[in-house]
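The sequence and structure come next.

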Amino acid sequence: METENTIPADFRVVTDIIYCGVCHLPVEYCEFSPSKEKCKKWLKENHPELVNDDSNIEEAVTESKHQTRGGKGMVRDESDKKKTKVSKITIKRCERTKRKHQIIVTGLDQYEIELKKAAKLFSSRFACGSSVTKNAAGVEEIVVQGDVQEEIKELILKNYKNIPADVIELTQDKKAKKSAAAAAEQAQAQAKKKK
């Protein structure tokens, strides 16, 4: 009994795939691209035979520009990223115990720096522990163990040329310590109570 290796008449083999010049996806998937309008314009200019002139689809696209349910939004354009570059990079020194300090670096992600790689650079350069954590506001920050605040600033300026020196801000966060006068007053108050 022989089997026939014939292809049915309704079976179609696509050999030429046309890729979009804007999003670099096949033109069938341009509707899912974040730059859908640019893709449509490119398709009309370069391959007008593939353009569907469905006015209902265009109206639906213009009406529903905002997302109504969950999921992730559209990818930001490069112009949005350039607007956020005026933000500050804060290098804050916090005291853990009497002689132990930690440095918290925030704002590096605004300059398109991978925080895990930067934390690895800090830990290898200063021979200390460093990690990427989220603070209470949900912003990722790098926590470095040790009192290396000035050295971190110099290292950032040396390794990341796209960061200007005037956006780096050095701050200190000290625990509320009693001043000597307040401690003396408290001691006198306790002495009076004993009498």
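A residue is buried under 20% relative accessible area, exposed over 50% and partly exposed in between, with a 1.4 Å probe and protein chains only. By this criterion, 23% of the 195 residues of the protein chain are buried. The model is predicted: local features need pLDDT of at least 70, side-chain atom pairs count only at pLDDT 80 or more, and totals for chains, interfaces and linings use all residues. Residues are numbered from 1 along each chain as its sequence is written, and side-chain values use heavy atoms, without hydrogens and water.

The protein chain has 6 helices and 5 strands, as DSSP runs numbered from the N terminus (helices H or I, at least four residues; strands E, at least two). Their order from the N terminus is α-α-α-β-β-α-β-β-α-β-α.

A nonpolar core is a set of buried Ala, Val, Leu, Ile, Met, Phe, Trp, Tyr and Cys residues joined through side-chain atoms within 4.5 Å. The largest one has 24 residues, and V105, L108, F122, I142, I152, I156 and I163 have the most contacts inside it.

The largest share, 6 residues, comes from α4.

Contact means heavy atoms within 4.5 Å. In α4, L121, F122, R125 and F126 meet E151, I152, L155, I156, K158 and N159 of α5.
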